[in-house]
Amino acid sequence: MTRDYPLARLTTVRTGGPADFFARPESQEDLAALLAWAKKESVPVGVVGSGSNLLVADDGFRGLAMKLGGALTEVEREGTHLRCGGGARLPSAAAKAAGWGLSGLEFGINIPGTAGGAVRMNANAYGGQLAAVLEWVEVTTAAGTERRDPGSLGFVYRNSNLGPAEVVSRASFALTAGDPDEIRATLASMRGRRREAQPSGIKTFGSTFKNPADERAEGRSAGQLLEAAGCRGLGHGGARFSEKHANFVENAGQATTADVLALMAEGRRRVKERFGVELEPEVQILGDVEVPGAVG
Ligand SMILES: Cc1cc2nc3c(=O)[nH]c(=O)nc-3n(C[C@H](O)[C@H](O)[C@H](O)COP(=O)(O)OP(=O)(O)OC[C@H]3O[C@@H](n4cnc5c(N)ncnc54)[C@H](O)[C@@H]3O)c2cc1C
């Protein structure tokens, strides 16, 4: 275990402070032991996947942050089943599945997170259904590891019922046999569509707000509402709403988490004022800060 470990570089937006404690468990046993230690010492825990939907408080995290390593990042095939460590990167799992002629995980090519982070967040893209191919997950807690069915994970739009001390250490996907060349072609076209729609090569955590269910949104996405409310390109300190996709916040230089939060608050305020719609953050927070609420 390391002390005062900087977390910014473990996130895609590259902001935030250090964790009091940091560890890289390489097996389910390591992970359970760390979680048991934290429980005994009453230390909060937080797992960092690829940090691709994560905002760390500027003064850091007064707890144990963990990043899965070793066997917990492996991707293996058993027949048409793909078995992934919770820390395996979803785009590489999707590419491996394609190489093995396994179809069903193609949507993962555009989600720059881990298998565990995708389960926790119920990640999806272009209609690909994580829940439709997820066979089971192994969840490790201070008490050890248990297998859970997708039906017990409480999936709703961009969320599950997993708490911070319930870590997805393995996930199995039930895929179908297909032609590797065709699956690779699907991956290439998905990557192309993504390049057209979203900025690339920037420091961001993807979608900032969830698409609202509120009928006052009249079916518009969070990005469309932000754009109509004049947020495209709007900046605060080193953070700004992307010119290409208004629901993406980018770290344009030396952004702090406080800059990002202030910008999010301004986006929420404008959308609330203009449309009466309260945008809910999609991005997860590690540390002791909150996204300021919309005013009015
Ligand atoms: C450019 C870009 C494009 C994106 N496109 C999409 C998209 O199309 N669709 C989509 O759904 N998302 C998208 N995202 C958001 C993000 O990639 C997903 O939410 C992803 O599932 C997060 O996984 P992660 O491993 O990075 O999790 P992190 O961001 O590291 O963490 C997110 C949350 O999951 C928890 N967590 C992480 N690992 C585990 C684990 N093993 N067990 C339990 N909890 C865990 C964390 O504690 C935190 O609460 C995009 C992000 C970016 C930067």
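**Exercises on a predicted model**

Helix α1, residues 28–40, comprises 13 residues and extends 18 Å from its first C-alpha to its last, close to the 18 Å expected at 1.5 Å a residue. The structure is a predicted model, and the exercises below refer to that model.

**Exercise 1.** Determine which residues of α1 are buried and how they are arranged about the helix axis.

*Solution.* 
Step 1. A residue counts as buried if 20 or more other C-beta atoms lie within 10 Å of its own. In α1, Gln-28, Asp-30, Leu-31, Leu-34, Leu-35 and Ala-38 are buried.
Step 2. Viewed down the axis of α1, these buried residues fall within an arc of 160°, so they line one face of the helix. As a general rule, an α-helix has 3.6 residues a turn, so residues three or four places apart point the same way.
Step 3. The face turned away from the buried side carries the exposed residues Glu-29 and Lys-40.
Step 4. The packing partners of the buried residues of α1 are the strands β2 (18–23), β3 (45–47), β5 (61–66), β9 (134–141), β10 (144–148) and β11 (167–174).
Step 5. After α1 comes Ser-42, with a positive phi near 55°.

**Exercise 2.** Identify the residues that touch the most other members of the largest nonpolar core, and list the contacts of Ala-93.

*Solution.* 
Step 1. The largest nonpolar core has 79 residues, of which Leu-82, Ala-93, Leu-105 and Val-260 touch the most other members.
Step 2. Neighbours of Ala-93 within four places in sequence are set aside; Ala-93 is then in contact with Val-75, Leu-82, Cys-84, Ala-88, Leu-105, Gly-108 and Ala-115.
Step 3. In soluble globular proteins, nonpolar side chains tend to be buried together.

**Exercise 3.** Describe the division of the chain into domains and the contact between domain 1 and domain 3.

*Solution.* 
Step 1. The chain is divided into domain 1 (2–66), domain 2 (71–195) and domain 3 (200–284).
Step 2. A distance of 26 Å separates the C-alpha centres of domain 1 and domain 3.
Step 3. Domain 1 contributes twelve residues to the contact and domain 3 contributes 13 residues.
Step 4. On the side of domain 1 that touches domain 3, five residues are nonpolar, five polar and two charged.

Conventions
Residues numbered from 1 in each chain as written. Predicted model: local features only at pLDDT ≥ 70, side-chain atom pairs only at ≥ 80, totals over all residues. Core = buried A, V, L, I, M, F, W, Y, C linked by C-beta atoms within 7 Å. Buried ≥ 20, exposed ≤ 12 C-beta atoms within 10 Å, placed from the backbone. Contact = placed C-beta atoms within 7 Å. Helix = DSSP H or I, 4+ residues; strand = E, 2+ residues; numbered from the N terminus. Expected span 1.5 Å × (residues − 1). Arc of directions from axis to C-beta. Domains from an automatic or database assignment. Nonpolar A, V, L, I, M, F, W, Y, C, P; charged D, E, K, R; others polar.
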